[in-house]
Amino acid sequence: MQIKNFLLSALAATGVVAKRSCGTPLPSDEQILVAQNLQLQEEAAGNDTFSIQAGFTVNIYYHVIARSTAVSAGYLTQATLTRQTEVLNAAYAPHGISFVQKGVDWTINTSWAAGSGDLAMKKALRKGTYSDLNIYFEPGQQYLGFAYFPQTITSTTSNAFYLDGVVILSTTVPGGSLAKYNLGHTATHEVGHWLGLYHTFEGYACTGNGDYVSDTPFESSEAYDCQIGRDTCPNASGADPVTNYMDYSDDSCFTGFTAGQEARINSYWTSYRG
């Protein structure tokens, strides 16, 4: 694991770009069942529900994990974190969601910076309630990022509570060194998971449920780069959703979420986090 993390850091430093990757676990059978039930409810209610009646605000606690106080070692300034919050707000504001930074801490820890000791790190640093978003930036994370879906939490001292949050590769922040992925939309993508959204290509098929959101066009595989007009499911309506934040395209290619994804976020927020 440490070797893999080191290689990714080395590639980023030399400008060699790996494809977008996401370490968010696949939804469990229970989580899929919840998504299916929500999809049925949304379809029964019709498109009139595809908007948030009253928006909500998410508090963010940032945790910067670095090998040293050098930017090349993963250290991020408050100015960079402010820009990251602005990126999130620009992406989610059209859907009634806003983000406010409530706190930040900086930790020099070579093991955590390499992506090791996730639970120990979060137990030491996590702040707030289950409705508060904790984002951890690590320079040696093997994925561009990962998150955990909303779920029923019965104890605020359980491992599930502490693990909750989003982990982001430090070089993907706005102005970061990882080309194609340095506009801050890795955080947009992973926060989407934290709010309950699956990948647009979750089903890897042109039939079935896809991401369990009715207005997401089907695609047979993840989209890389910026393949506008790609249509891997020609017998299904709509071209592939390559500009959707929950696909794998370049940061510069992303433009938004669907109305159905907005409704899904609102449903999860009401049921689990809000």
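Leaving aside neighbours within four places in sequence, P217 is in contact with S237, G238, A239 and P241, where contact means heavy atoms within 4.5 Å. This is a predicted model, in which local features need pLDDT of at least 70, side-chain atom pairs count only at pLDDT 80 or more, and totals for chains, interfaces and linings use all residues. Residues are numbered from 1 along each chain as its sequence is written, and side-chain values use heavy atoms, with hydrogens and water left out.

Let us stay with P217 for a moment. You will find P217 in the loop between α7 and α8; helices (H or I, at least four residues) and strands (E, at least two) are DSSP runs, numbered from the N terminus. P217 counts as partly exposed because its relative accessibility is 22%; on this scale, buried means under 20% relative accessible area, exposed over 50%, and partly exposed in between (1.4 Å probe, protein chains only). Between the C-alpha atoms of P217 and C253, which are 36 residues apart along the chain, there are 17 Å.

E219 also has its place in the loop between α7 and α8. With a relative accessibility of 1%, E219 counts as buried. Its side chain makes a polar contact with the side chain of T200, at 2.6 Å, and another with the side chain of R230, at 3.0 Å. A polar contact here is a pair of N or O atoms within 3.5 Å; within protein, one must be able to donate a hydrogen and the other to accept it, and residues adjacent in sequence count only if both atoms are side-chain atoms. Beyond four places in sequence, the residues that E219 touches include F201, A205, T232, C233, D240, P241 and D247.

The pair of R230 and E219 is a salt bridge too, with the closest N and O atoms 3.0 Å apart; the term stands for a side-chain nitrogen of Lys or Arg within 4 Å of a carboxyl oxygen of Asp or Glu. R230 and E219 are eleven residues apart, each in the loop between α7 and α8, and both are buried. Elsewhere, salt bridges that share partners join R126, D164 and R273 into one network.

By this rule the model has ten salt bridges. One of them pairs D251 with R20, with 2.6 Å between the closest N and O atoms. D251 sits in the loop between α7 and α8 and R20 in the loop between α1 (2–14) and α2 (29–45), so this pair ties together parts that are 231 residues apart in sequence. D251 and R20 are both buried.

Now step back to the domains. The assignment gives domain 1 (55–194 + 260–267) and domain 2 (198–256), with bounds that come from an automatic or database domain assignment. Their centres, taken over C-alpha atoms, are 24 Å apart. To the contact, domain 1 brings 16 residues and domain 2 brings 19 residues. The two domains bury about 1,400 Å² between them, 54% of it on carbon and sulfur atoms; buried area is the accessible area (1.4 Å probe) that two parts lose on being put together, summed over both.

Two salt bridges are counted between domain 1 and domain 2. K180 forms a salt bridge with D225, with the closest N and O atoms 2.7 Å apart. On the side of domain 1 that touches domain 2, α7 and α8 are the elements that give two or more residues, and the largest share, six residues, comes from α7.

What does the nonpolar packing look like? The largest nonpolar core has 30 residues, and Y92 and I135 have the most contacts inside it. Such a core is a set of buried Ala, Val, Leu, Ile, Met, Phe, Trp, Tyr and Cys residues joined through side-chain atoms within 4.5 Å. Among the elements that give two or more residues to this core are β1 (56–66), α3 (78–92) and β2 (97–108), and β1 gives the most, with five residues. Domain 1 and domain 2 both give residues to this core, so it lies between them. Among the residues that I135 touches beyond four places in sequence are I60, Y62, L88, V166 and V191.

Finally, look at K122 in helix α5 (residues 118–125). K122 counts as buried, at 0% relative accessibility. A polar atom of the K122 side chain lies 2.8 Å from the backbone oxygen of L163.
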